Amino acid sequence: MKKLIDFARYSSIKIGPKVEVEVIERIDPAYEELFLVGGANNLLVSPTPPPLAILGKTFDFIQIENGELIIGGATATGRVVSFCKRHDIAGFEFLSKLPGTIGGAVKMNAGIKEYEIKNVLQWIRTYEGVIPANELKLEYRKTDIKHIIYEAGFKLQPGYSEQLRQKLLKLRTNQPKEPSAGSVFKNPLGDYAGRLIEAVGLKGKRVGNMAWSEVHANFLVNLGGGSFEEAMVLINLAKKRVYEEFGIKLEEEIIIL
């Protein structure tokens, strides 16, 4: 089944063409050649993206089974937090206000500070079957997972903490309100991408209707009608300036399609 998605509305950065994407409702290796867009919260979609897909309602679920929390890849992170609050489950507080789906969160080992998906992940299910978390390369904001994540199993531990949720939310108060795709670059070891971008004078730098945020320099914001081309000019400019000034190669955290 196909679905027409307007990425200028669907994606969090509000950039991209209208594209027909495949809606996946069953586990099938044939879908592996498609790129899964999830909630499109860390994506920058070009006018000519590769073949795309999203997981359908079949994979939007949360259940407690055999002492584990099992979550479908299409399930929104906000829904997971609500479920954990209701059932007094600890370890997912950091997902609050972190947009997207659980599949996307696992794929990029989403987190904030020391709180990451890898701390609670037990296994994932791909078309190859169940793969234990200890066989996955889970690193800072990345994994080596190449296949579609249809569902995942997590530790079921009691002790949901509203206090922790509020504390982690405060760490996000310095994020801009305009449409963005979250942090553009990963933080280099021992430093911060935002600090480096600011240090080379690019904080607030605007090209057309895209700009490096005045609130947080590692956020690329859409000021209204921004384009893929304008975004890429700013991304490449930041990489060039930071490398020239500090000899540091910034690595994208967002995915450019």
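What pLDDT does the protein average, and what share of the residues score at least 70?

## Model and confidence

The protein averages a pLDDT of 92, and 100% of the residues score at least 70; pLDDT is the predictor's confidence in each residue, from 0 to 100. Among the elements of the protein, helix H6 (residues 228–246) has the highest mean pLDDT, 98, and strand S8 (residues 111–112) the lowest, 77. Helices (H or I, at least four residues) and strands (E, at least two) are DSSP runs, numbered from the N terminus.

This is a predicted model, in which local features need pLDDT of at least 70 and side-chain atom pairs count only at pLDDT 80 or more, while totals for chains, interfaces and linings use all residues. Residues are numbered from 1 along each chain as its sequence is written, and side-chain values use heavy atoms, with hydrogens and water left out.

## The four-stranded sheet

An open sheet is formed by four strands in the order S1-S2-S5-S3, with mixed pairing; two strands pair if DSSP finds at least two bridges between them. S1 and strand S3 (35–36) stand at the edges with a single partner strand each, so one side of each is left without a neighbour in the sheet. Strands of a sheet pair through backbone hydrogen bonds, either parallel or antiparallel.

Strand S1 (residues 2–6) runs antiparallel to S2 and is joined to it by five bridges; here Ile5 stands opposite Val19 in S2. S2 also pairs with strand S5 (residues 52–55), in the parallel sense over three bridges, and Val23 stands opposite Ile54 in S5. S3 and S5 are parallel too, over two bridges, with Phe35 opposite Leu52 in S5. Strand S2 (residues 18–24) is largely enclosed by the rest of the structure, because five of its seven residues are buried. Buried means under 20% relative accessible area, exposed over 50%, and partly exposed in between (1.4 Å probe, protein chains only).

## The S6–S7 hairpin

Strand S6 (residues 62–65) and strand S7 (residues 68–72) pair in the antiparallel sense over four bridges. The bridge partner of Ile64 in S7 is Leu69. Two residues lie between the strands of this hairpin, where Asn66 takes a positive phi near 50°.

Ser11 is found in the loop between helix H1 (7–10) and S2. Its relative accessibility is 0%, so Ser11 counts as buried. The C-alpha atoms of Ser11 and Pro179 are separated by 8.9 Å, although these residues are 168 apart along the chain.

Ser12 is in the loop between H1 and S2, and is buried, with a relative accessible area of 19%. A polar atom of the Ser12 side chain lies 3.0 Å from the backbone oxygen of Asn41. The backbone oxygen of Ser180 lies 2.7 Å from a polar atom of the side chain of Ser12. A polar contact is a pair of N or O atoms within 3.5 Å; within protein, one must be able to donate a hydrogen and the other to accept it, and residues adjacent in sequence count only if both atoms are side-chain atoms.
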